[in-house]
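Here is a short report on one protein model and its ligand.

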Amino acid sequence: ETAEQHAAFEARIAGGEKIEPGDWMPAEYRRQLIRMISQHAHSEVVGMLPEGEWISRAPSLRRKLILMAKVQDEAGHGQYLYHAAETLGATREEMVDALLSGKAKYSSIFNYPTQSWADVGMIGWLVDGAAIKNQTMLAGCSYGPYSRAMVRICSEETFHHKQGKEMIVQYAAGTPEQRALAQDALTRWWWPSVMMLGPHDKDSTNSGVMSNWGIKTKSNDQVRQEYLNEHVPELLELGLTLPDADLHQDADGNWIHGPINWDEFWDVVKGKTGLNKERLATRNAAHDDGAWVREAMLAYGNRLRAQAAD
Ligand code: BYC
């Protein structure tokens, strides 16, 4: 890598151009993108599990159809993202192996259990809400395939966000039991969703290089602030209580949260607490169960190629 190559690359980014597959890029730019896009893809795939558990227990046909559509969307997001990482030279096999063997990270949020139906609504509102804030920022990123995948994913996530919010608004105004379920779900999902947006900027090891190269266009704390400013007033308006005694608005109208328990965050990321082992066991079982599909597709592909060669 020469200084001239770096300078030309950085000038393209400064000029707002998208970097496309096949263009020259620094090895570290490629490595960072593969790291982040593959983690993002794994998060979509593992993210199907906490809500997927509730498809057979949905309270009505309407809720079941919506949840099935949402979970299917997450599988589609995983697909676009694995493809985006493939444009950088990563293979599907190595990415899937990294997930299944526990080497790869995926979002901390999916190691928390879903304990009631109201969790499905709360995940839609809070988790998809946090994801939209983060992904709207990434839609402006400098790598073309990732940025375009984010545009489509965000429009689908907007539906996920709305269905979750609609459900919680209804339960918060419902029977005392429904209200209690909504409150309990909020109490358990609030802090994990705030943490999901990543460590504070001062502890965000990757942010420097990612911001310089236009992959991240806002910092973790900036995105978290946007997330709080949108969600806190809406949750309070429903008469729900946020589990943060220090939460307050500053003079600029920003909602300021109390201290975050980062020990909990890192324990969950590293699988010391939470459902990491169960999630990986479920993914491994699904992968093994799907072996016959991969074999059949390979055999079919080989037959087509052999016919074409005749
Ligand atoms: N969980 O330097 P930092 C969805 C790691 S799914 C686990 O700030 P970065 C949905 C980080 O990887 C959408 N690990 O990292 C699906 C790094 O470790 P490494 C999920 C985390 O990358 C189904 C270390 O901490 N969205 O919406 O600059 C149903 C230092 O952090 C987490 C994405 O994946 C975490 N939460 O910034 C419902 C978005 N946070 O890799 C919904 C794409 C940090 O150096 N990812 N770490 O070993 C990103 O935008 C960025 O990766 C983050 C973190 C903002 C999350």
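## Ligand shell

Of the 28 residues around the ligand, G47, A131, G198, S204 and N206 come nearest. A residue is near a molecule or strand if its C-beta atom, placed from the backbone, lies within 6 Å of it. Helices (H or I, at least four residues) and strands (E, at least two) are DSSP runs, numbered from the N terminus.

The shell divides into 10 nonpolar, 13 polar and five charged residues. Here Ala, Val, Leu, Ile, Met, Phe, Trp, Tyr, Cys and Pro count as nonpolar, Asp, Glu, Lys and Arg as charged, and the others, Gly among them, as polar.

## Model and numbering

This is a predicted model: local features need pLDDT of at least 70, side-chain atom pairs count only at pLDDT 80 or more, and totals for chains, interfaces and linings use all residues. Residues are numbered from 1 along each chain as its sequence is written.

## Overall build

The protein has 13 helices and two strands. Its C-alpha atoms fill a box of roughly 70 × 50 × 35 Å, taken along the principal axes. With 310 residues, a compact globule would have a radius of gyration near 19 Å; the protein has 21 Å, which agrees. That radius is taken over C-alpha atoms, and the globule rule is 2.2 Å times the number of residues to the power 0.38.

Of the 310 residues, 35% count as buried. Buried means that 20 or more other C-beta atoms lie within 10 Å of the residue's own; exposed means 12 or fewer, and partly exposed lies in between, with C-beta atoms placed from the backbone. Among contacts with a separation of 6 or more, 73% join residues 24 or more positions apart. Two residues are in contact if their C-beta atoms, placed from the backbone, lie within 7 Å.

## Two domains

The domain assignment gives domain 1 (3-274) and domain 2 (275-310). Such bounds come from an automatic or database domain assignment. The C-alpha centres of the two domains lie 28 Å apart. Their contact takes 10 residues from domain 1 and nine residues from domain 2. On the domain 1 side, six of these residues are nonpolar, four are polar and none is charged.

## Nonpolar core

The largest nonpolar core has 64 residues, and I37, L81, A85, M122, L126, Y146 and A182 touch the most other members. A nonpolar core is a set of buried Ala, Val, Leu, Ile, Met, Phe, Trp, Tyr and Cys residues joined through C-beta atoms within 7 Å. Elements giving two or more residues to this core include α2, α4 (61-86), α7 (144-172) and α8 (176-195). The largest share, 11 residues, comes from α6.

Not counting residues up to four places away in sequence, Y146 touches L33, I37, A84, L138 and C141.

Is N134 buried or exposed? N134 is buried, because 23 other C-beta atoms lie within 10 Å. N134 sits in helix α6. Leaving aside neighbours within four places in sequence, N134 is in contact with L197 and V223.

Q72 is found in helix α4. With 12 C-beta neighbours inside 10 Å, Q72 counts as exposed. Q72 and D221 are 149 residues apart in sequence and 30 Å apart in space, C-alpha to C-alpha. K272 lies in the loop between α11 (262-269) and α12 (276-289). K272 is exposed, with 11 other C-beta atoms within 10 Å. The C-alpha atoms of K272 and V293 are separated by 34 Å.
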